[in-house]
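The sequence and structure are shown first, and the discussion follows.

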Amino acid sequence: MIEARHLRVLRAVAATGSFSAAGRELGCTQPAVSQQMKALETSVGTPLLIRSGREMRLTQAGEALVRHAAGILSGLTAAEEEVAAIAGLRAGRVRLVSFPSGSSTLVPTALAALRADHPGTRVSLEEAEPPESVDALRAGDCDIALAFRYARVPGARTAGGPAEEWDDLVVRPLLTDRLVALVPEGHRLAHARTVAIGDLAAEPWIAGCPRCRGQLVEVCERAGFTPRIDFATDDYPAVVGLVGAGLGVAVLPQLAIESVRPRGARAVTLEPAVRREIVALTLPDLAQVPAVAATLERLERAATATRGR
């Protein structure tokens, strides 16, 4: 195994022509230079220097190693500088995957703060709902997954997955997002302070993503009815548009309402409360990467600001 420190000594000896001169250049003693040269010759298994009286010259193997040493050491220096830049947040890359309402609310605030503090850190963003986003994290296709899971509904078959589904990940809780009912402005319950989901049993429904749709069905079944789902879309503005056009009612996360202007529709507090937990997920090793840690911190700050509004 050739060590970089031995290559630096070899180059100094070749440039100065003696161990003592190389020692002065490197800031070490002549015996230390001699010892490191012996170690290098042992590593490569062949003599690198020919000593004749006070003269010292390179063997053919020594000349070859000196010729390659320049490129090796310069490459190592470049690598050290790049790693130092990443560690110091002067550079770095973070791949973030988020669900849509997180992308339009938490993510912009977090990334703007990150760019202001660490302009050399680059963040890419893709959208995916859990569990696809969590699968991408485990597969190595992203560094942070912004995800959510619903609180368990008593007596429900499933409720967004058991808590242990994230046991292998670093979980940063961000906020608890309450679901609200969305009804047309002319609806009989549009001006109610609260609405029970059972009050909407006879209405046509607009459902969201598959996980949200499953949660809706379970909550409705817990209230004693099966919702008649006329439309299903992952696009929150489309849900709001359909409700605003009088085509049905919906249940949306409060975070989604904040990112969409509900023209023609009105949000009403849903009772009993149905909540989802929003978290940032990463792998244990990735949590130690400075750029990832900084992004997680900015996401937490953005969530704190959102809770305060």
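R149, by contrast, counts as buried at 13% relative accessibility. The model is predicted: local features need pLDDT of at least 70, side-chain atom pairs count only at pLDDT 80 or more, and totals for chains, interfaces and linings use all residues. Residues are numbered from 1 along each chain as its sequence is written, and side-chain values use heavy atoms, leaving out hydrogens and water.

E277 and R149 form a salt bridge (a side-chain nitrogen of Lys or Arg within 4 Å of a carboxyl oxygen of Asp or Glu), with their closest N and O atoms 3.1 Å apart. This pair links distant parts of the chain, E277 in strand β12 (residues 275-282) and R149 in strand β5 (residues 144-150), 128 residues apart. Helices (H or I, at least four residues) and strands (E, at least two) are DSSP runs, numbered from the N terminus.

## A strand–helix pair

R172 and E300 meet in a salt bridge at 3.4 Å, N to O. Because R172 lies in strand β6 (residues 170-184) and E300 in helix α10 (residues 290-308), the pair ties together parts 128 residues apart in sequence. R172 is partly exposed at 25%, and E300 is partly exposed at 27%.

The structure holds 13 salt bridges. One of them joins R298 to E297, with the closest N and O atoms 3.5 Å apart. Salt bridges with shared partners connect D117, E297, R298 and R301 into one network.

Methods: Buried < 20%, exposed > 50% of the residue type's maximum accessible area, 1.4 Å probe, protein only.
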